[in-house]
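Subject: A structure for you to look at

Dear colleague,

I am handing over a structure that I would like you to open alongside this message.

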Amino acid sequence: MGVRRDVFYANWLCNKRNVLNREKIYFETNEDLDKIFKDIDFSDKDVLSVLASSDQLFKLNSLDTKSIETFDKNKLTYYYYYFRVWTIKYMKKLYPTALIIGDDYWIDTLLSLVNPETEEEKQALYFWDSLFKKDVAFSRIFIWNKVALLDYNGDFSGCSIPSKLSFYNFDLFKNNKFDKRYDIAVISNILEWTHGDSRYIERLENNLSNLLNNGGLVLCSKIIYRNEVNGICLKNILRENFELQDDDNNRCVYIKK
Ligand SMILES: C[S@@+](CC[C@H](N)C(=O)[O-])C[C@H]1O[C@@H](n2cnc3c(N)ncnc32)[C@H](O)[C@@H]1O
């Protein structure tokens, strides 16, 4: 996984420098996941979800989803997943708010409690340990909207951790080859990130088409616009292989023809 290189780039990000393909991590979701996942039976579905803050993954797992795999173009989300798991497991908190408010004692305590059970977990511990030792301002590595601060003393009931993480580091706007197909792809508000660029939209559509079984769903959240994404009518996105099935204020659902 090139963990040393990832520490190096994460350290750069913490020092306010921009790094190509290494972006800041969403500390928490800014979506209403209950509404986005409403009325869908996940119990017999193979799902591919964006990883981001891991909130989508934890919520899908609590909905008894048959199988969940994750993807993100930002590899740092992979390390953050482990930090969230440890926060729940060892500190009984939903969010590691200490990272945002700079509570070094809390972070130190947590990292000393972690007892890695897998090679992946060991690498994640190395990542956070190394970054922490570099004495960086952690909050700078995150994009956050202060919801988690309110939840600092909240409990973590209703949140469920999968026994194992399956993660793919790819960009949906680039040409990719996939070995597997899924019933549902949860792509958050990635449609908005196309900024209407037809090349991105075309590759996104090809990728989703190759990733999904016939009749499969693309679940999208809409944060900013209701019927449009950056000025583009939702009906004009993913129009070759998909039909826009549902469209409300929180989400849109495309179904593969
Ligand atoms: C769309 S962002 C926004 C946050 C989101 N609304 C939430 O609640 O988590 C979520 C994640 O999508 C990832 N992402 C954005 N564009 C992507 C792309 N083209 N391919 C793969 N991942 C992408 C980002 O790296 C980020 O971690």
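Predicted model: local features only at pLDDT ≥ 70, side-chain atom pairs only at ≥ 80, totals over all residues.

Residues are numbered from 1 along each chain as its sequence is written.

The protein chain has nine helices and eleven strands, where helices (H or I, at least four residues) and strands (E, at least two) are DSSP runs numbered from the N terminus. Of its 257 residues, 36% count as buried, a word used when 20 or more other C-beta atoms, placed from the backbone, lie within 10 Å of a residue's own.

Seven of the strands form an open sheet with mixed pairing, in the order S5-S3-S2-S6-S7-S11-S10; two strands pair if DSSP finds at least two bridges between them. The edge strands, each pairing on one side only, are S5 (167-168) and S10 (242-247). Strands S2 (residues 46-50) and S6 (residues 182-186) run parallel and are joined by three bridges, and one of the pairings is that of Val47 with Ile184 in S6. S6 also runs parallel to S7, with four bridges between them, and here Tyr182 has Leu212 as its bridge partner in S7. Seven of the ten residues of S7 are buried.

If neighbours within four places in sequence are left aside, Ile187 is in contact with Val50, Leu172, Val218 and Cys220, contact meaning that the C-beta atoms of two residues, placed from the backbone, lie within 7 Å.

Which residues are closest to the ligand? They are Thr29, Ala52, Lys73, Asn74 and Leu172, out of 20 residues that surround the ligand, each counted if its C-beta atom, placed from the backbone, lies within 6 Å.

With best wishes

Methods. Buried ≥ 20, exposed ≤ 12 C-beta atoms within 10 Å, placed from the backbone.
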